[in-house]
Every structure is written in structure tokens, then in C-alpha cells.
Amino acid sequence: MHCADPVDAVVTGAGGFIGGHLTRALLAEGKTVRAVDRKPLDEWYQAHPDAHNVVADLSLAENCAKSVEGGAAEVYHLAADMGGMGFIENNKAACMLSVLPSTHMLLAARDAEVDRFFYASSACVYAADKQTEAAVLPLREEDAYPAMPEDGYGWEKLFTERMARHFREDYGLATRIARYHNIYGPHGTWDGGREKAPAAACRKVAVAALTGAREIEIWGDGEQTRSFTYIEDCVTGTVRLTRSDTVEPLNVGSDELVSINRLYAIVADIAGVDLTYRHIPGPLGVRGRNSDNTRIVKELSWAPSTPLQRGLEATYRWVYDQVKACLN
Ligand code: NAD
């Protein structure tokens with residue numbers, strides 16, 4: 001990996017879902033971007049030819065140092081072992097190992113004296129006892145403590161948030177932290193076991209639409225609730241937060257609460273198919289989760305606002321095309 005030239009932005013996890021969209025948005029601003037991921041380039045969800053694309057495992061300190069070599073105005077650290085409930089409940093050790101890229105990227109950014117360091121945290125940091133009801137109270141940033149996050153994945157996110165805070169306080173590294181709430185959209189993971197609920201719903205409904213099958217499975221009773229954040233809002237919030245003066249972690253999430261049953265009903269309606277649902281045991285996560293956006297509105301004068309219906313229309317169209325290509 002040869003990276004010595006300075007760039008405007010470094011994006012880690014750039015071969016993944018959010019990283020691919022964020023790289024596109026930064027390039028559209030005219031920024032020079034170094035995009036880093038450990039996956040082979042032909043497996044990146046979006047590999048933008050105008051970026052300097054680098055394949056490297058950021059678990060290794062020397063690769064982190066090289067990724068910020070020459071300096072950068074903004075580092076967006078998104079690389080993590082990541083997936084929906086089906087993945088994170090069964091891969092807790094792998095999720096916690098994301099502490100390696102996080103630690104080495106913080107050290108590398110400090111040593112290269114980058115101007116801003118963004119860290120992609122998660123609503124999974126929130127204490128489980130605040131999320132026991134489907135009609136859940138929206139989560140405020142202070143609800144992360146006393147700490148009892150999602151086991152494995154959530155603990156790593158909370159630990160790295162804390163580490164980023166102390167790098168800011170002790171070393172003067174300007175860290176910014178978003179707690180993403182269920183990001184969805186085109187060019188994301190839609191099969192293979194790591195997909196999240198919106199992509200899984202779009203895939204199952206697309207398969208039904210294309211094959212004529214009319215029964216699909218939903219984990220649990222489907223009355224568990226979530227809010228889902230469209231990718232364009234996620235990217236806008238990430239860039240605004242990174243360039244803001246907000247040093248405390250901030251929710252970047254929609255506050256449009258829906259049950260999983262309702263999510264499937266919206267997708268089926270978009271697809272124009274009548275379906276029956278079979279509720280089966282499966283990994284469920286917390287009973288309810290929503291984002292309280294009081295603080296983001298106060299800090300950034302902005303909050304995610306894409307209606308779920310609109311975001312799902314675009315997502316369904318894209319997933320439908322992927323499923324169709326696989327079935328052909
Ligand atoms: P993703 O899985 O699509 O992308 C993550 C990318 O990181 C992958 O391409 C992976 O190959 C890469 N990566 C993992 N370990 C690496 C390593 N050691 N070195 C280099 N690259 C490595 O996930 P995403 O949905 O784009 O999520 C991006 C970030 O946002 C992650 O940190 C995730 O935890 C966080 N987040 C996402 C959501 C969501 O709903 N998608 C919610 C909360 C937080």
C-alpha cells in the first residue's frame with residue numbers, strides 16, 4: 001500500500017454499504033478521498049474510480065498508519081465487522097475484534113495530526129433495560145449510561161466511543177461520534193446472513209414477487225419496533241456532524257417508529273403482492289428502539305427526515321434487481 005500524498009478525506013470500510021455512499025458524496029464535493037477496505041476490490045459494494053482505493057486490513061497498525069500517511073483533513077472510520085441481529089448475536093467475538101482497527105486508526109490519526117476523526121457508533125450502545133417495550137420511549141444520548149449495551153457488538157462500540165473521547169481530551173484529536181440507527185438503502189448487504197431487516201424484507205418480498213410464492217417468514221411475533229434511517233440522511237448527518245463543534249456522541253437516526261410487521265406490509269404494498277406471514281423463532285434484539293432527535297436538531301439544526309415509504313421504494317427497486325439477476 002503506497003499512500004504518501006495528503007488527501008482531504010480517508011474513509012475506512014469504504015467497500016461496505018455506508019462507506020461506499022459516503023465516498024461518493026465526498027467525491028461529489030470535489031474532495032480527494034482515500035478509500036480503504038480489507039475486501040478485494042471486486043467485492044466492494046461501490047468502488048469509485050475517482051477515489052484512491054486501497055485494499056488493506058486495518059486490524060494491523062502499520063496499515064492504519066499508511067492509510068493516513070501524508071495527513072488528512074477528515075478521517076471517517078467506518079470499518080467494522082458488522083451485520084443485522086442474525087449476525088451480531090452469533091458473532092460476538094468477531095464484533096469485539098473491531099476494537100483493533102478502531103484502536104489503531106485512532107493512534108494513527110493522532111500521530112498524523114489529522115484535523116477531524118469521525119467514528120461510526122451505533123444505537124446498540126443503549127442500555128437494554130430502556131428498550132423492553134414495543135411502545136418504547138425514544139432513546140436520548142444520555143440513556144447509554146449506566147451501561148448495559150448489546151452484548152459483543154454494542155460493548156465494542158461503547159468502548160471505542162469512550163476511547164475516542166479520551167483521545168480528544170488527552171491528545172487533542174478532534175473526534176466526532178454518531179450513533180447510527182438502522183441505516184438502509186440501495187447498495188447495502190441484502191443476503192448472506194449479515195443483512196438487516198429492511199434489506200431482508202425487500203429480498204423476501206422480491207423473491208415472492210418473482211417466483212409466485214406467497215408465504216414469507218418473519219422472526220418473532222413481528223411486533224418488535226425500530227426506526228430505520230435512509231442512507232442519504234445518514235451521509236448528510238455524518239458529514240455535518242464531522243464538521244460541527246459537537247463533541248458528544250449524537251444520534252443519527254430516524255424517529256419514525258414502525259413494527260417489523262408494518263415494515264413488511266409497506267414493502268409488500270410497494271411490490272403490489274398479497275402475502276401471508278409465518279412467524280418463526282429467531283434472533284430478535286431489543287423489543288423496541290427509537291431515536292430521540294432533540295439533541296441533533298439543537299446541535300446541527302437538522303435531523304433525518306426521509307419518510308420510510310420513500311426510502312423503501314428506492315431500496316426495494318434496487319434489491320428486486322439484485323434478486324432478479326440471481327434468479328436468472
Ligand atoms: P458494512 O459491513 O457494509 O461495511 C463495513 C466494511 O468494513 C466492510 O466492507 C468490511 O470489509 C470493512 N472492514 C471490516 N473490518 C475491516 C478491517 N479490519 N480492515 C479494513 N476493512 C474492514 O457495514 P455498514 O453498514 O456500512 O456500517 C459501517 C459502519 O457503521 C460500521 O462501523 C457499523 O458498525 C456502523 N453502523 C452501521 C449501522 C447500519 O445500520 N448499517 C448501524 C449502526 C452502526
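This report covers the sheet, the helix packing and a few single residues of one predicted model.

Residues are numbered from 1 along each chain as its sequence is written. In this predicted model local features need pLDDT of at least 70, side-chain atom pairs count only at pLDDT 80 or more, totals for chains, interfaces and linings use all residues, and side-chain values use heavy atoms, with hydrogens and water left out.

## The sheet

Helices (H or I, at least four residues) and strands (E, at least two) are DSSP runs, numbered from the N terminus. Two strands pair if DSSP finds at least two bridges between them.

Seven strands form an open sheet with parallel pairing, in the order β3-β2-β1-β4-β5-β6-β11. The edges are β3 (52-55) and β11 (250-252); each has a single partner strand, so one side of each lacks a neighbour in the sheet. On average, neighbouring strands are turned by 20° against each other, direction ignored. Axes here are lines fitted to C-alpha atoms, for helices over the stretch in contact, and angles run from 0 to 180 degrees between N-to-C directions.

| Strand pair | Bridges | Sense |
|---|---|---|
| β1 (7-12) and β2 (33-37) | four | parallel |
| β1 (7-12) and β4 (72-77) | five | parallel |
| β4 and β5 | four | parallel |
| β5 (116-122) and β6 (175-180) | six | parallel |

V11 has bridge partners in two strands: A35 in β2 and Y76 in β4. Y76 in turn has F118 as its bridge partner in β5. F118 stands opposite R176 in β6. Elsewhere, the β4 bridge partner of V7 is A72.

Burial uses relative accessible area: buried means under 20%, exposed over 50%, partly exposed in between (1.4 Å probe, protein chains only). Strand β1 is mostly covered, with five of its six residues buried. In β4, five of the six residues are buried, so the strand is largely enclosed by the rest of the structure.

Helix α1 (residues 17-28) lies across β1, β2, β4 and β6, and runs at about 170° to β1. Helix α6 (residues 153-171) lies across β5 and β6, and runs at about 155° to β5.

Two packed helices are described by the angle between their axes and the distance between the axes. Angles under 35 degrees count as roughly parallel, over 145 as roughly antiparallel, 65 to 115 as roughly perpendicular and the rest as oblique. A crossing is left-handed if the near helix is turned anticlockwise from the far one by less than a right angle, and right-handed if clockwise. Contact means heavy atoms within 4.5 Å. By class, Ala, Val, Leu, Ile, Met, Phe, Trp, Tyr, Cys and Pro count as nonpolar, Asp, Glu, Lys and Arg as charged, and the others, Gly among them, as polar.

Helix α9 (residues 260-271) packs on helix α11 (residues 308-327) at about 60°, with the axes 10 Å apart. That makes α9 oblique to α11. The crossing is right-handed. From α9, the contact takes L263, I266, V267, I270 and A271; from α11, it takes L308, Q309, L312, E313 and Y316. The residues of this contact comprise eight nonpolar, one polar and one charged.

How do the axes of α7 and α9 cross? They come within 9 Å and cross at roughly 45°. The two helices are therefore oblique to each other. This crossing, too, is right-handed. Helix α7 contributes A197, P198, A200, A201, C202, K204 and V205, while α9 contributes I260, L263, Y264, V267, A268 and A271. The contact of α7 with α9 has 12 nonpolar, no polar and one charged residues.

## Single residues

W190 lies in the loop between β7 (183-184) and α7 (197-211). W190 counts as buried, at 14% relative accessibility. Leaving out residues up to four places away in sequence, W190 touches E195, A199, R203, W318, V319, Q322, V323 and C326. The C-alpha atoms of W190 and R203 are separated by 6.7 Å, though the residues are 13 apart along the chain.

Y145 and P146 are joined by a cis peptide bond, with omega about 0°. P146 is in the loop between β5 and α6.

E113 is not a glycine, yet its phi is positive, near 55°. E113 sits in the loop between α5 (99-112) and β5. Its relative accessible area is 66%, so E113 is exposed. S301, also not a glycine, has a positive phi of about 50°. The loop between α10 (294-300) and α11 holds S301. S301 counts as exposed at 63% relative accessibility.
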